Amino acid sequence: MSSFSQWVKDGEEPIRFVKNARFKNVRIIDPSQDIDGVGTLEVRHGYVDKIVMSNSVIGGDANMDDVADQRDDWELDLDLGGKILCPSFIDIGCAMPEPGFEQKGTFETELSAAAAAGYSHVATKPDTSPVADSPAVISLMLERSEAFHGLRILPFGALTQGLRGEQISELHALKLAGCIGVSNARSEISNQKVLMNCLEYASTHDLLVCFYSESKDLASGGCVHQGETAARLGLPGIPRCAETVALARDLLLVAHTGVKAHFSQVSSISAVELISAAQERGLNVTADVGAPYLYYNDEEIAGFNAHFHLRPPLRTEEDRKGLIAGVKSGVLCAISAAHQPHERAAKMAPFADTEPGMSTYATLLHWASRLVNEDALSWSDWVRGMTAGAKVLDLDAGHLRVGSPAAFNVIDPHLSWCCDEQSMISRGKNNPLIGDTLTAKVMFQVRGFK
Amino acid sequence: MNAINSRSQVQSEYQVQLNEHGQLKHFLSVEGLSRACLIELLDLASSFVNVGQRAVKKVPLLRGKTVVNLFFESSTRTRTTFEIAAKRLSADVINLNISTSATNKGESLLDTLRNLEAMAADMFVIRHQQSGAPHFIAKSVTPKVAVVNAGDGWHAHPTQAMLDMYTIRHYKGDFEQLKVAIVGDIKHSRVARSQIQALKILGAKEIRVVAPRTLLPSEMDFSGVHCCNSLSEGVDGADVAIMLRLQKERMQMALLPSQDEYFKLYGMTEKLSSLLSPEGIVRHPGPLNRGVEIASEVADGPRSVILDQVHFGIAIRMAVMSKIMEGQQIEQQGGAS
Amino acid sequence: MEQALPEVSALLASLRMEVLAYLSKKGIDPDGEKQPKMVGIETGGVWVARSLHQSMGLSSPLGTLDISFYRDDFTEKGLHPKVKPSTLPFSVENETIILVDDVVMSGRTVRAALNELFDYGRPSLVILVVLIDLNEHQLPIQPDISGVKLTLKPNERVKLTGPSPLALELRQLDR
């Protein structure tokens, strides 16, 4: 039987594998079962066996006598007062730099970072090099990422070959190779007939299409939200309509073709309104927002600060509030990490010449704790957002249902820690909070099976 | 200005240009500077105008210092003015037209600057096509080298704005009673942005900005600036009209149909100039497009203060360069005693 | 122990006599063709020079020098924004220049004035005339003629106020 503090101290390993363990006095959050309260969770033989709340008991064997409750062969028996226990998270779209951009990060570094951030599943975007448009590249990715810290990668394949928007990829082959869905990433398919045909074809193979809606023409040349900050700094802007014009078209084509669709990393309040209206009309689409967009707005760019060069761009405070409301209302069912690591040189240039993206895994919970503090979101909202990927990607994960393999996080929402270059596991240190003292961290993940 | 909703509290771009005593050590942007600071620069420039009228036009303020003109966008006029200004301060001047060499081969700005370290420059005068480039250089690359922004992207052209302020003060005196109209491609104009900021800081009574909607997006509703799309409304009763240069590229991307139509709607003609106040003046930072922004009769007419400003321009740059050199030296010596 | 400061008018009268005597010794005629040109250093030196210029009845115009841009204590004193224009309404080349200042202490002001003067040309002779010599020279610069030599305490300074009336003031520096 190990003690809690010893585990935490030793730990380079973010994931602990146990068969029989008990976690007492911990705030258990599982939105899929409407659970949010202090209780005890027991793992037996690697499965979630019993959850005991103050006024209910889920699972366990009702006929077992009291003797079993006093078993003393727990591998772990922890009192986790003040901590949070929730299902491991699912990342809907990580900009995994391997293959092709290993100077920014590799499966090893980025999946380790994801594990330390509480993820059990990481879906990857297809804009790698080579582009993930063939079974060979998919197999390569699955092979290279195998068995990293008990994390599964779920590759999205490229909808069109080379992401060029001309020829459709071999979707059937991609599905067989292990793709969770397809996407054309941020490269707009400019010929609308081609786009429609791609969606029809994807629909016949029952493949999920993930959209990153952006009009190439309306966004061209821009690098920040077209608003007051852009006007003041003299930076070319990307208006909201660059997102909404493309989004409206995509939504209509989704309705027309009946393809399964998810809209990722929306950035504006107008986009939330469009998706909400479509959902209300009965269109079965899901959407997510990137975590940084819930916390920051474009005023952060004030000093030409390239850390805040993101794509889609950070928009105004009004948009930020609209995105938070979208999460609360469920229009945006998921929160994605929007994790995009970069090497130092990528951010060392005049603003418009820097590469967009932030390395977010290490600071997600800090942002969450701040938002909870400000009463913008509850921990329950956050966990729901971080686990909704299971619903979108049709995975049996992201929950603590009795009888399912144990896969959950133990989080300390009050832990103060310094996020310096050493402690940031991702190879990309492109985060504005680097060097700062942050609040909240995943202590470790628990798994019943490898 | 601290962004109300900013969480990261990053140093705003203009704070980078001040040393710990609040003195200028770079000149990147007019924004955020105090009125006293701008007036001091104008007064100092006045002294240098006098120096420029002597037989001996040199003073030894920057003797032994090396000033490097780093022009990533070529401009003979501006670069020559800076060169003369530096030489009149007794500095050694090196001109680098980087637009024609390294960056065309794909070398990053960072690497280009690292290769220049051996030159042991004391000051860089930088013109670059990207907004924020001089700021990036001053903050991240060479903090001990004084940086003068000679124009970055659409963002700022602070020395030009100071020259315009000097000219306005020379002909019209104090700013408090002045109504100033700025006409033209505001959206893409670094000169306009700097002028608007300078006029606000100097307390101009009214600042108007005139342009077609495609060149004056609604987000640019700077507080205290009146935006309009009609030239006659904009210049009516104005004491100063500043006409901005229209670049040919604006005819692409459907921003404007033609120079002809622009002139009909926004060109300063004799007739329109009569709408100005009786002593109203017309300014153009140059170079002029006669028949596009301004009719020849006006450009050469009695209200025009366009030509013959070379000596003011040199004096302003001398003032800026001496001021920031002073700020750098004070910082590096650990402050004034 | 308070030091009594001398009367400015008395000093000016004494200076006039000494300058005339000096010129005579050097064989320079103050009224002649090759008469000396007088140059005062802003601001106090110009006041002194103006008085001398008038009392000596020099017919050539008075020159003035503002040495702000020539100072070597740039970083201590900073750039003074309102710099008066230097005016030298005569050629300096091969001329005798009477350079006038109110107070000489370290000698740096005079050094700066000489530098500026030589930017205009090469005088054949420069005679340095000061109202007060504090004798704390940091550079090898000695006035040729001084009204009075004074010794001050370390934190004391003497200042000429003007332009009318001209008077001397003793000031304490606060540390």
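These legends describe close-up views of a predicted model.

Local features are given only at pLDDT of at least 70 and side-chain atom pairs only at pLDDT 80 or more, while totals for chains, interfaces and linings use all residues. Residues are numbered from 1 along each chain as its sequence is written, chains are lettered from A in the order in which they are written, and side-chain values use heavy atoms, with hydrogens and water left out.

**View 1. Which chains touch.** Chains A and B share the most contacts of the two pairs of chains in contact. Contact means heavy atoms within 4.5 Å. Chain A and chain C have no contact. Their closest C-alpha atoms lie 29 Å apart.

**View 2. The interface of chain A and chain B.** Here 28 residues of chain A meet 28 residues of chain B. Together the two chains bury about 2,400 Å². Carbon and sulfur atoms account for 55% of that area. A:Arg232, A:Met348 and A:Pro350 supply 26% of the area that chain A buries against chain B, more than any other three residues. Buried area is the accessible area (1.4 Å probe) that two parts lose on being put together, summed over both.

View 3. One salt bridge is counted between chain A and chain B. B:Glu31 and A:Arg232 form a salt bridge through their side chains, at 2.6 Å from N to O. The term means a side-chain nitrogen of Lys or Arg within 4 Å of a carboxyl oxygen of Asp or Glu. Five residue pairs are in polar contact across this interface, both residues at pLDDT 80 or more. A polar contact is a pair of N or O atoms within 3.5 Å; within protein, one must be able to donate a hydrogen and the other to accept it, and residues adjacent in sequence count only if both atoms are side-chain atoms.

On the side of chain A that touches chain B, helix H8 (228-233) and helix H12 (317-329) each supply at least two residues. H8(A) gives the largest share, four residues. Helices (H or I, at least four residues) and strands (E, at least two) are DSSP runs, numbered from the N terminus.

**View 4. Helix H9 of chain A.** This helix covers residues 240-257, 18 residues in all. From first C-alpha to last, H9 reaches 26 Å, close to the 26 Å expected at 1.5 Å a residue. The expected span is 1.5 Å times one less than the number of residues. Buried residues of H9(A) include A:Ala242, A:Leu247, A:Asp250 and A:Val254. Buried means under 20% relative accessible area (1.4 Å probe, protein chains only). Just after H9(A), A:Gly258 takes a positive phi of about 75 degrees.

View 5. A:Arg186 pairs with A:Glu214 in a salt bridge, with the closest N and O atoms 3.2 Å apart. A:Arg186 lies in the loop between strand S11 (181-183) and helix H6 (192-204) of chain A, and A:Glu214 in the loop between strand S12 (208-211) and helix H7 (216-219) of chain A, so the pair ties together parts that are 28 residues apart in sequence. A:Glu214 is buried, at 9% relative accessibility.

**View 6. A pair within helix H12 of chain A.** A:Glu317 and A:Arg320 join their side chains in a salt bridge (3.0 Å, N to O). The two are three residues apart in H12, so about one helical turn separates A:Glu317 from A:Arg320. A:Glu317 is buried at 14% relative accessibility, and A:Arg320 is buried at 8%.

Key: Buried < 20%, exposed > 50% of the residue type's maximum accessible area, 1.4 Å probe, protein only.
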